[in-house]
Amino acid sequence: MSEAKKRLYIQEVATRDGFQNESRFVETDAKIALVNGLSQCGFAKIEVTSFTSPKAIPALRDAEAVMHRITRKPGVIYTVLVPNVRGAERALSSGVDEVNLVMSLSESHNRSNLRMTREQSFAQFTEVISVVAKTDVAINVSLSTAMGCPMEGDVPVEEVLRWIQRFADLNVHGVTLCDTTGMAFPSQVHNLCFQAKRAFSGLDFTLHFHNTRGMALANTLAAIDAGVDRFDSSLGGLGGCPYAPGATGNVCTEELVHMLELDGYDTGVDLAAVLDNAALLPHLIGHDVPSQILKAGRRLDLHPMATDVAGGLPEQRAFV
Ligand code: COA
Ligand code: ZN
């Protein structure tokens, strides 16, 4: 009997992490159509938008309209990024399945991104969690710069574990470890994931990689090796934090799914459907996307031989 394929859970973030970083405003109807398309692809979760200040992130100023008008597919978790109490109020009144509370593990990035100290973020989220815990909305916490900060450098593993502990004590459901600017490397990822999984077996961990230095796929394999089974990824490889110097796209969904399925994992994701949606992106955002698979095709998308060469082969000559 063949061994069952290991199940992995892929969480699409292009309409949040991707669009927040685009200068062209993607029209509300186009965002809704894209989320509806993504809902048919087999993702475990879709991060639809963020309830941030429209002055800070004008690209997502239509968060309420998008959340209210998408067609939800049963079984898919629709989540949103929340930076503060005000964002949590907006999210709860939009009927989200999950709030994804974000703060950074480096003081400099938290102040740049959220205009607060880490303690101020934690105080706001303690308040948010006490309110959300009374509802059936799930709570995930995204810890940015968990594998390096572009202003402060390395973040010690002990510091990451200390912050996870603080949120675990508040009974959150999940924690996302974010490599906000692609500073992580495979052995570092393996060590961090191994320690976090061992210390907090009751938490759902997600790994959120950016491909800034070309290591996102390698980091994913290292995380899987350490027992992680949930990954954020972005259609077309869009993404990036406007408040992190040098930040670029997330690990690309179609590259991730392509690799994992070849390696025998069950991602639940329909790669052909993902590629159909990814093909729409250049038109929506007005420029090319990083995706290699969109350009090169899948590994076994074969090409016809060039006719001038084929015509010269002996077995072909008889027919011309
Ligand atoms: N949604 C909508 N508006 C918000 C808001 C929210 N979640 N939080 C604050 N505001 C509004 C306030 O009402 C206020 O509006 P006003 O100027 O019309 O009175 C204004 O924003 C400033 O409020 P303040 O509490 O002083 O916030 P700030 O200017 O210090 O900004 C954040 C703090 C967190 C709201 C802002 O930095 C932000 O949204 N950052 C998002 C960062 C992000 O998404 N980064 C990428 C993903 S990691
Ligand atoms: Zn990100």
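Let's start at the metal: the donor residues of the zinc ion (ligand 2) follow the spacing D-x190-H-x1-H along the sequence. Keep in mind throughout that this is a predicted model. The protein donors are Asp-17, through OD, and His-208 and His-210, each through NE2. They lie 2.0 to 2.2 Å from the zinc ion (ligand 2). Both histidines, His-208 and His-210, are buried.

**The nonpolar core**

The largest nonpolar core has 94 residues, and Leu-143, Ile-164, Phe-167 and Leu-177 touch the most other members. Helix α7 (residues 157-168) gives this core its largest share, 7 residues. In general, nonpolar side chains of soluble globular proteins tend to be buried together.

What does Ile-164 contact, leaving aside its neighbours within four places in sequence? Its partners are Leu-143, Val-175, Leu-177, Ala-196, Phe-200, Leu-203 and Phe-205.

**Helix α8, side by side**

One of those partners of Ile-164, Ala-196, is also among the buried residues of α8. Helix α8 covers residues 186-199, 14 residues in total, and reaches 20 Å from its first C-alpha to its last, close to the 20 Å expected at 1.5 Å a residue. Which residues of α8 are buried? They are Gln-188, Val-189, Leu-192, Cys-193 and Ala-196. These residues are on the same side of α8 because they cover an arc of only 120 degrees around the axis. An α-helix has 3.6 residues a turn, so residues three or four places apart point the same way.

The buried residues of α8 pack against α7, β6, β7 (204-209) and α9 (216-225). On the other side of α8, you will find Ser-187 and Arg-198 exposed.

Most residues other than glycine have a negative phi. Two residues here are worth a look in your viewer:

| Residue | Phi | Loop | Relative accessibility |
|---|---|---|---|
| Thr-145 | about 55 degrees | between β5 (138-144) and α7 | 0% |

Is Thr-145 buried or exposed? Thr-145 counts as buried because its relative accessibility is 0%, where buried means under 20%.

How values were computed. Residues numbered from 1 in each chain as written. Chains lettered and ligands numbered in written order. Predicted model: local features only at pLDDT ≥ 70, side-chain atom pairs only at ≥ 80, totals over all residues. Heavy atoms only, no water. Core = buried A, V, L, I, M, F, W, Y, C linked by side-chain atoms within 4.5 Å. Buried < 20%, exposed > 50% of the residue type's maximum accessible area, 1.4 Å probe, protein only. Helix = DSSP H or I, 4+ residues; strand = E, 2+ residues; numbered from the N terminus. Contact = heavy atoms within 4.5 Å. Donors = N, O, S within 2.8 Å, 3.2 Å for Na, K, Ca; no water. Expected span 1.5 Å × (residues − 1). Arc of directions from axis to C-beta.
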